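Visitor: Can you walk me through this one? I'd like the main points, quickly.

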Amino acid sequence: MKELRIQGNERDNHGGGPPTWVWVLVGVLVVLGLLAGGGWWWWTQSQVPEVATTNAQARSGAGGGAVLQATGYVTARRSATVSTQITGTLTEVLFEEGDRIAKGQILARLEDHALRAALDMAHANVKSAQANIDATRAQLAQSQSDLKRQDELAASGMSTKQAAEQARTAVTATAAQLEARRREADAVMAQARQAQVNFDYTVVKAPFAGVITAKAAQVGEIVSPLSAGGGFTRTGVGTIVDMESLEVDVDVNEAYIGQVKGDMPAEAVLDAYPDWRIPAHVIAVVPAADRGKATVKVRVALEQKDQRVVPDMGVRVSFLAAKADAKTAPPPGVLVPKSAVTSRDGAAVVFVVVGQNAAARKVKQGTPVGDQAVVLDGLKAGEPIVLNPPEQLVDGGQIKLKAGE
């Protein structure tokens, strides 16, 4: 009986674990769950609306109020891309972006060995021409002395008239030679001046005081005043902007251009600093219209100079009925495009961007100003808002910003 007993390690395992098909079913269900979750996530992302945004703008503080508003950009009336007047290789670039420079300051140098040699040769020719003049002048003095002696001898009968005439001819010929040497010296000095001008072209100087906004070339590159094929030759060294010449160019709808007059007071608000109102006035209404946009350009001068104002900044200009008074508090509320105000449940609503979501704000509106809605309550200047909110957008709904926003 002992030999017929089956040891534990020899018995078949008929344990109580689940069968294999159960594990297979669980795996299939997990995969299906992951696929369903991924599909749901993709569907929800595809339903997220893509929107454009802008910022609420502070209102003007003028007692007379704004009669018209327009948008534009800060521009520089005095800006130049500095280049060389000859083709050459840069050996020095003495500036960086953001540097403030003075008029006449050296910005760059070109390789100048050949031109320096030509200048030295021209100076040597000038010295040689001057030496020839001195030698000829000495000959003329000698000829004049000989003529004087011959005249005295001829008067006393000790010399012939022919000898005196020969001496007089020698004086005339030597004087002509001296004049020729002087004309040759003038030509040589003109060549020297030309060589000096060409040599000076190897030094690039600032045409006016300003700030460097772009560095276009590096040491070792070839620069030329003329463009060359292949893109291997630079046509500029850097760009200088006179920050004192900054002004604003705005496009005014031609339907309202009659409200804008020369020297009309205005206020400018930069998109970057919505709480900063800059006193301004109209310089001129440019007498030309853009038929594509149906607008007329207006030049506006900024009455405050500040380093925060830089070219190409976006700006909103309010044209005022009366000049702004620093003691006059700005009217309440902020300005937003009319397309930013929509209706939800019978109430006026503006959607404010909060991260990747849009929060609905009930707002109280005032009298519109041009194409801008006046929001008296519910928004602050500078807050980002949604333009043309879609119908499916709800409070707290997720949004996607358009490229470049």
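Predicted model: local features only at pLDDT ≥ 70, side-chain atom pairs only at ≥ 80, totals over all residues.

**Helix 3 and beyond**

Visitor: What should helix 3 span, and how far apart are its end C-alpha atoms?
Guide: Helix 3 covers residues 161-200, 40 residues, and at 1.5 Å a residue it should span 58 Å. Its end C-alpha atoms are 59 Å apart, which agrees. The expected span is 1.5 Å times one less than the number of residues. Helices here are DSSP runs of H or I with at least four residues, strands are runs of E with at least two, and both are numbered from the N terminus.

Visitor: Which residues of helix 3 are buried?
Guide: Among them are Ala164, Val171, Leu178, Val188 and Phe199. Buried means under 20% relative accessible area, exposed over 50%, partly exposed in between (1.4 Å probe, protein chains only).

Visitor: What covers them?
Guide: The cover includes helix 2 (113-156) and strand 8.

Visitor: Where does strand 8 sit in its sheet?
Guide: Strand 8 (203-205) is an edge strand, as is strand 11 (233-234); each pairs on one side only. The sheet is open, with five strands in the order 8-7-5-10-11 and mixed pairing. Two strands pair if DSSP finds at least two bridges between them.

Visitor: New topic. Which residues touch the most other members in the largest nonpolar core?
Guide: Val250, Val252, Val298, Val317 and Phe319, out of 29 residues. A nonpolar core is a set of buried Ala, Val, Leu, Ile, Met, Phe, Trp, Tyr and Cys residues joined through side-chain atoms within 4.5 Å. Strand 13 (246-253) and strand 16 (295-302) are among the strands that each supply at least two residues.

Visitor: And Ser245, buried or exposed?
Guide: Ser245 counts as buried because its relative accessibility is 14%. Ser245 lies in the loop between strand 12 (238-241) and strand 13.

Visitor: What does its side chain reach?
Guide: The Ser245 side chain reaches the backbone oxygen of Asp242 at 2.7 Å. A polar atom of that side chain also lies 3.1 Å from the backbone nitrogen of Arg78.

Visitor: How many helices and strands in the protein?
Guide: Three helices and 26 strands. Of its 405 residues, 33% count as buried.

Note on methods:
Residues numbered from 1 in each chain as written. Heavy atoms only, no water. Contact = heavy atoms within 4.5 Å. Polar contact = N/O pair within 3.5 Å; in protein donor to acceptor, adjacent residues only side chain to side chain.
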